[in-house]
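Here is a short report for a reader who is meeting this structure for the first time. Please keep the sequence and the model in view while reading.

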Amino acid sequence: MTIETGLLILESILLIATIILILHSLREGRGRKDLLLEVGRATKILTREEYFITVTDSMMEAKVEVIGCITGRLPTGDDKKRTRDVINNIERLTRQGVQVKYILPKFPDRLHIGHLYTKAGAEVRYIGCPVVHDIRYIVVDDRLVVIGIPESTGEKEATRKGYRIPSEGLAVILKEHFYKCWDKNISYKEYFREVIKQTGATLKQLAQELQIDEDELKVLAI
């Protein structure tokens, strides 16, 4: 076999290998595209009202655990009814033995929601993690995620839209984030006592500001 023939054979082999790599790359590209399309179909963009309805409906699917990272702002207007719906769900779930846990940012006015959720049977802790200002979510049984997004960054910004994502992978990631925050922070009762100590406010003043019955606060202060 001459050198020319050998080089021709080598070029042919390299050409075939290149074609195989190109076809493999195209096949992978189609696979990635199909995956993105599948995720797109599974992800439903929600308006504010749809977001809260989806949260309450998704909670009722829980068999083991519901965890949530929320802003816990004092509800006003239509949000009062939405909050009441969530509280009713917490009461039903905890009676059925489902664990319900929430983390809220460390702001005194968030004690109102913490009080209501704790009273309904949920475990509540307060955190200093800034991410809670930007993103709000619940995870249901390691398989379903509902994420809420504000229009702009800030603890005073309300949730304007949301996403319902049936994804075990995303649920695992958010659950890991949740428990990292959960393990490092304080309970509702501990934070309430901390607020009293830091502000020097009387129970009567706090009851008026937080819209919580003063007699119930007396029990916490003991």
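## Reading strand pairs

Two strands count as paired if DSSP finds at least two bridges between them. With that in mind, look at Leu104: its bridge partner in β4 is Tyr126. The model shown here is predicted.

## The chain overall

The protein chain holds eight helices and eight strands. It has 222 residues, and 37% of them count as buried.

Take the contacts between residues at least 6 apart in sequence: 68% of them join residues at least 24 apart.

Strand β3 covers residues 99–105. It is mostly covered, with six of its seven residues buried.

Strand β2, residues 65–69, runs parallel to β3, and five bridges join the two. Val66 stands opposite Val100 of β3. Ile67 has Lys101 as its bridge partner in β3.

Strand β4 spans residues 123–127. It also pairs with β3 in the parallel sense, over five bridges. The pair of Leu104 and Tyr126 belongs here.

## Two crossovers

How does the chain get from strand to strand? β2, α3 and β3 form a β-α-β unit, and that unit is right-handed. The chain then crosses from β3 through α4 to β4. This β-α-β crossover is right-handed too.

Which residues of β2 are buried? Glu65, Ile67 and Cys69 point one way from the strand. Val66 and Gly68 point the other way. Residues on both sides are buried.

β2 also pairs with strand β5, residues 136–140. Here the strands run antiparallel, and four bridges join them.

## Helices α3 and α4

Helix α3 spans residues 79–95, and helix α4 spans residues 111–120. Their axes come within 8 Å and cross at roughly 30°. Angles under 35 degrees count as roughly parallel. α3 and α4 are therefore roughly parallel to each other.

Which residues make the contact? From α3 come Thr83, Val86, Ile87, Ile90, Glu91 and Thr94. From α4 come Ile113, Leu116, Tyr117 and Ala120. The residues of this contact divide into seven nonpolar, two polar and one charged.

## Lys218 in helix α8

Helix α8 covers residues 214–221, and Lys218 is found in it. Is Lys218 buried, exposed or partly exposed? Its relative accessibility is 40%, so Lys218 counts as partly exposed. The cut-offs behind this are under 20% for buried and over 50% for exposed.

Lys218 can also be placed relative to Lys204. The two are 14 residues apart in sequence. In space they are 9.5 Å apart, C-alpha to C-alpha.

Methods:
Residues are numbered from 1 along each chain as its sequence is written. This is a predicted model: local features need pLDDT of at least 70, side-chain atom pairs count only at pLDDT 80 or more; totals for chains, interfaces and linings use all residues. Side-chain values use heavy atoms; hydrogens and water are left out. Axes are lines fitted to C-alpha atoms, for helices over the stretch in contact, and angles run from 0 to 180 degrees between N-to-C directions. Angles under 35 degrees count as roughly parallel, over 145 as roughly antiparallel, 65 to 115 as roughly perpendicular and the rest as oblique. Contact means heavy atoms within 4.5 Å. Ala, Val, Leu, Ile, Met, Phe, Trp, Tyr, Cys and Pro count as nonpolar, Asp, Glu, Lys and Arg as charged, and the others, Gly among them, as polar. Buried means under 20% relative accessible area, exposed over 50%, partly exposed in between (1.4 Å probe, protein chains only). A crossover is right-handed if, with the strands pointing away from the viewer, the path from the first strand over the helix to the second runs clockwise.
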